[in-house]
Amino acid sequence: KAGVLAIPSNVRRYIGMFEQSVRQSALGYFADRDALAIVVHLGEGQRNDPYNKSEYRYAKEMNLIQPGLSIIHGVGMDRADFEEAAQKNVSLVWSPFSNLLLYGETADIEAAKAAGMNIAIGADWTPTGSKNILDELKLAKRYLKKSGVRAISDEDLVKMATENAAKAIRRENVAGRVAEGYFADLVLVKKAAGNPYSALLNSEQKDLRLVVVKGQPVFGEQDRIAEAAQAFGDAGQPETLPLTAAAQAACGFKKSIRLPYASDYDRQLFARAGAPRLNTVGGIAGELSSKAKAYAAQIVAGGRAKEKASLIPGIDPLFGCEDSGYAERFAKFVEVEIDANASKRSALRSQYRLTNEWTPLGGGEIEDSID
């Protein structure tokens with residue numbers, strides 16, 4: 001009937017689970033004239049997976065494809081989807097590293113650009129994404145080169161992390177550009193020959209000169225951070241990264257960080273006796289390590305053998321530098337491992353008799369599931 005969405009019985013419960021808590025709250029937010037953006041993981045998986053391809057269509061039928069929506073992944077979207085999303089002022093957040101690692105393929109980013117979509121870039125999450133946004137940009141550049149995509153330039157990639165990202169969350173009037181009246185969020189790297197966009201993508205951690213957040217120099221070369229600490233009257237001294245002498249020796253370079261107090265509330269909080277030292281990197285690392293050790297002791301004392309066997313010896317460092325083999329491993333993932341992983345994945349699917357027609361909705365007839 002007019003205005004009625006026909007949903008197959010095997011997915012009605014799935015929809016009913018989030019109708020009030022998710023869909024209605026999203027529609028209410030879109031109706032707010034001051035609304036910024038809703039960021040959603042959608043269409044994550046392989047391009048031709050039937051269920052993955054259906055997610056955008058379900059979102060559209062539920063009236064969720066509206067200006068202000070930002071779609072992370074969008075791997076299951078095709079050219080027609082991109083064109084429609086672009087007309088609706090919907091943005092795409094490309095996460096190439098995570099997609100390639102988990103599924104061996106990523107969104108058709110060339111088609112998305114040709115359709116006129118606003119494309120940002122993000123690492124998805126830390127377990128399968130890059131450790132920082134510069135690494136994500138570097139991997140994206142390598143992948144585009146390997147795939148023969150020439151329509152996306154270094155400038156396009158940098159804008160995905162700056163101007164386009166701000167536009168995706170409807171903050172393009174205050175963020176994403178170096179301009180008067182905008183947040184003073186700046187990254188300065190060592191000057192290099194060629195255009196500045198390529199210079200940034202070709203830079204390494206040691207080339208990072210300064211990071212400024214809302215006008216506050218917070219990370220970079222030691223002398224610059226020391227000057228900032230003195231200028232702003234910091235109570236404490238900047239910290240050196242990496243934190244340990246052994247890590248500093250292995251790294252081959254040192255940087256400094258200062259975490260200036262953000263508010264009176266912070267000052268009061270950290271002044272309390274026994275308060276966790278979360279106003280320094282060393283304090284944060286110490287607090288995390290302490291909690292991890294306490295949890296491990298609890299597991300051991302409780303005799304939970306399976307959990308004990310899976311415990312890791314500690315937390316990853318909060319700052320890690322590029323070792324001598326880092327660039328080589330990075331290149332190997334793009335040039336060798338993606339294809340090898342895809343071959344292994346295909347063999348496993350054959351071994352376990354998994355078909356491309358299977359979906360969580362109970363069958364493969366997705367084409368007839370939306371009326």
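Over which ring does the charged end of Lys214 sit? The close-ups below start with the whole chain and come back to that spot.

This is a predicted model, in which local features need pLDDT of at least 70 and side-chain atom pairs count only at pLDDT 80 or more, while totals for chains, interfaces and linings use all residues. Residues are numbered from 1 along each chain as its sequence is written, and side-chain values use heavy atoms, with hydrogens and water left out.

**View 1. The whole protein, with 15 helices and nine strands.** Helices (H or I, at least four residues) and strands (E, at least two) are DSSP runs, numbered from the N terminus. The C-alpha trace spans about 70 × 60 × 45 Å along its principal axes. Of the 371 residues, 37% count as buried, where buried means under 20% relative accessible area, exposed means over 50%, and partly exposed is in between (1.4 Å probe, protein chains only). Take the contacts (heavy atoms within 4.5 Å) between residues at least 6 apart in sequence: 62% of them join residues at least 24 apart.

**View 2. The parallel sheet, strands 1-2-3-4.** Here four strands make an open sheet with parallel pairing; two strands pair if DSSP finds at least two bridges between them. Strand 1 (38-42) and strand 4 (118-121) are at the edges with a single partner strand each, so one side of each has no neighbour in the sheet. From one strand to the next, the twist averages 30°; axes are lines fitted to C-alpha atoms, for helices over the stretch in contact, and angles run from 0 to 180 degrees between N-to-C directions. Look at strand 3 (residues 91-94) and strand 4: four bridges hold this parallel pair, and Val93 has Ala120 in strand 4 as its bridge partner.

**View 3. Helix 4 and its packing partners.** Within helix 4 (residues 96-103), the residues Pro96, Phe97, Ser98, Asn99 and Leu100 are buried. The buried residues of this helix pack against strand 2 (69-73), strand 3, strand 4, helix 6 (133-147) and helix 15.

**View 4. Phe82 in the largest nonpolar core.** A nonpolar core is a set of buried Ala, Val, Leu, Ile, Met, Phe, Trp, Tyr and Cys residues joined through side-chain atoms within 4.5 Å. The largest one has 46 residues, and Ile71, Phe82, Trp94, Met117, Leu144 and Leu157 are those with the most contacts inside it. Zoom in on Phe82 and skip its neighbours within four places in sequence: Phe82 is then in contact with Gly74, Met77, Leu92, Asp108, Ala111, Ala112, Ala115 and Met117. Another core, of eleven residues, lies apart from that one, and Val218, Phe219, Val281 and Cys321 are among its members.

**View 5. The antiparallel sheet, strands 5-6-7-9-8.** Five strands form this open sheet, and the pairing is antiparallel. At the edges stand strand 5 (186-189) and strand 8 (239-241); each has a single partner strand, so one side of each is left without a neighbour in the sheet. Neighbouring strands are turned by 30° against each other on average, direction ignored. Helix 10 (residues 222-231) packs on the sheet and touches strand 5, strand 6, strand 7, strand 8 and strand 9 (255-257). The direction of helix 10 makes about 155° with that of strand 7. Strand 5 is joined to strand 6 (residues 208-213) by four bridges, and Val189 stands opposite Leu208.

**View 6. Strand 7 and the Lys214 hairpin.** Four of the five residues of strand 7 are buried. Four antiparallel bridges tie strand 6 to strand 7, with Val213 partnered by Gln216. Two residues lie between the strands in this hairpin, where Lys214 takes a positive phi near 50°. And the opening question? The charged end of Lys214 sits over the ring of Phe183, 5.1 Å from its centre; this label needs NZ of Lys or CZ of Arg within 6 Å of the ring centre and within 35 degrees of the ring normal. On the strand 9 side, two bridges join strand 7 to strand 9, and Gly220 pairs with Ser256.

**View 7. Phe219 and Phe319, one of two aromatic pairs.** Rings of Phe, Tyr and Trp (its six-membered ring) pair if their centres lie within 6.5 Å; planes under 30 degrees apart count as stacked, over 60 as edge-to-face and the rest as tilted. The centres of these two rings are 6.0 Å apart with the planes at 50°, so the pair is tilted. Phe219 belongs to strand 7 (residues 216-220), while Phe319 is in the loop between helix 14 (305-309) and helix 15 (326-351), 100 residues apart. Phe219 counts as buried because its relative accessibility is 13%, and Phe319 counts as buried at 17%.
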